[in-house]
Amino acid sequence: MPRRFLLLIGLMVALIWGDVASAGVEQMVWSGLVMANNVAQPDKIPPELNRIEGTLKSWFGYNQFKVIGQSRKTLVTGSEDWLASSKYFSLLVDAKGETETGYRLNLKLFQEKSVLLETEARLSKASPLVIKGPQVGDGQLLLVLVIQ
Amino acid sequence: MKTFEEKWTAWIDGELSAAELAEFEAALPDRAAAEAEKGNAHKLGAFLKENMPARAMGNEEFFHHQLRQGIAADARTAAPEESAAARPAFWPIGRLVWVGATSLAIFCVCAFFVMREKAPTDQSQYLTQILNARVDPALGPNATISMFELKEDKVTVLWTEGLQSLPSEYATK
């Protein structure tokens, strides 16, 4: 009798634990300010950009991508906000809640204190977002958001 | 059709109708003897009513107590057998396993249908979507914005053109 009771209790705890564990999955969003340019000896691409290396090279035509500012934010409620910044640029990300496939985000790219670009996007867990920013010297500023 | 004995009893008790009474009395072989017997029967009835009333129970409470105790004893002896037969034993492990497996199978079937309904049917739903975008007119008066969803690479690109170019010092970390 006690053994069966323990078995039942164990089963219930396992079910509840599984439900809670699956409901409480946290996602981390990597936001980066990336400078793309062409050099003779390109550095290795940052690991966060590995999965989109081919897309970046073919679409933007550069062979080196360097992170000049970044932020990693773990989303718990889906309504957090955070900032990724370099010396002259800042990317403010304001999460507006979770969607079926990811998060709804409001993005603002600041050039010093001015809002250069503003956009609203539904960032998917399976699909990074790349934003082409202004030309900087002989390179290009890119904004990249990836759910890891 | 009443027998003679029934008619006789009814005649003594005075329960015959007028027609039956006339017919019965006409059929009697000795009317005087019959009347005498009727009178004796009435006297006997009156005597019994007078001298043999229903006997009152002197120990009624004791009798009821004995009766209740007997019923209770019978119930006690029958109850364990009945309860043992009626109450099912706790489920054995085998049955628990079967019930658990069946429940899990039902859950999986339901989850499959629910997930199938919720699953995005269009691949574009898996891609990041740009809902709107704008460039500050002061910093990029001639800027244009385009959006690309690269389905093969699963990457969404927001492409701006015409933004003001900046000196290389802006690439500083």
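This is a predicted model: local features need pLDDT of at least 70, side-chain atom pairs count only at pLDDT 80 or more; totals for chains, interfaces and linings use all residues.
1. Strand β3(A) and strand β4 (residues 89-98) of chain A run antiparallel and are joined by 5 bridges.

2. The β3(A)-β4(A) pair belongs to an open sheet of 5 strands, ordered β3(A)-β4(A)-β5(A)-β6(A)-β1(B), with antiparallel pairing. At its edges are β3 (81-85) of chain A and β1 (129-135) of chain B, each of which pairs on one side only. Neighbouring strands are turned against each other by 15 degrees on average, with direction ignored.

3. How many bridges join strand β6 of chain A to β1(B)? There are 6, and β6 (residues 114-124) of chain A runs antiparallel to β1(B). Within this pairing, A:Glu118 has B:Arg134 as its bridge partner.

4. A further open sheet has 6 strands in the order β2(A)-β1(A)-β8(A)-β7(A)-β3(B)-β2(B), and here the pairing is mixed. β2 (64-75) of chain A and β2 (144-150) of chain B stand at the edges; each has a single partner strand, so one side of each lacks a neighbour in the sheet. The twist from one strand to the next averages 20 degrees.

5. On the chain A side of that sheet, strand β1 (residues 27-37) of chain A is joined to β2(A) by 11 bridges, and the two run antiparallel. In this pairing A:Ala36 is placed opposite A:Phe65 of β2(A).

6. The contact between the chains involves 37 residues of chain B and 42 residues of chain A. On the chain B side, α5 (93-118), β1 and β3 are the elements that give two or more residues. The largest share, 7 residues, comes from β1(B), the strand that also pairs with β6 of chain A. By residue class, the chain B side divides into 21 nonpolar, 11 polar and 5 charged.

7. Which residues touch the most other members of the largest nonpolar core? They are A:Leu33, A:Leu91, A:Val130, A:Leu142 and A:Val144, in a core of 44 residues. Leaving aside neighbours within four places in sequence, A:Leu91 is in contact with A:Ser31, A:Leu33, A:Leu83, A:Ala84, A:Leu107, A:Leu109 and A:Leu143. As background, nonpolar side chains tend to be buried together in soluble globular proteins.

8. Chain B has 5 helices and 3 strands. Of its 173 residues, 9% count as buried. Among chain B contacts between residues at least 6 apart in sequence, 35% join residues at least 24 apart.

9. On confidence, the mean pLDDT of chain B is 84, and 85% of its residues reach 70 or more. Where in chain B is confidence lowest, and where is it highest? The lowest mean, 78, belongs to helix α4 (residues 60-86) of chain B, and the highest, 93, to strand β3 (residues 155-161) of chain B. That strand, β3(B), stands between β7(A) and β2(B) in the mixed sheet. The model as a whole scores ipTM 0.83 and pTM 0.58.

Note on methods: Residues are numbered from 1 along each chain as its sequence is written. Chains are lettered from A and ligands numbered from 1 in the order in which they are written. Helices (H or I, at least four residues) and strands (E, at least two) are DSSP runs, numbered from the N terminus. A residue is buried if 20 or more other C-beta atoms lie within 10 Å of its own, exposed if 12 or fewer, and partly exposed in between; C-beta atoms are placed from the backbone. Two residues are in contact if their C-beta atoms, placed from the backbone, lie within 7 Å. Two strands pair if DSSP finds at least two bridges between them. Axes are lines fitted to C-alpha atoms, for helices over the stretch in contact, and angles run from 0 to 180 degrees between N-to-C directions. pLDDT is the predictor's confidence in each residue, from 0 to 100. Ala, Val, Leu, Ile, Met, Phe, Trp, Tyr, Cys and Pro count as nonpolar, Asp, Glu, Lys and Arg as charged, and the others, Gly among them, as polar. A nonpolar core is a set of buried Ala, Val, Leu, Ile, Met, Phe, Trp, Tyr and Cys residues joined through C-beta atoms within 7 Å.
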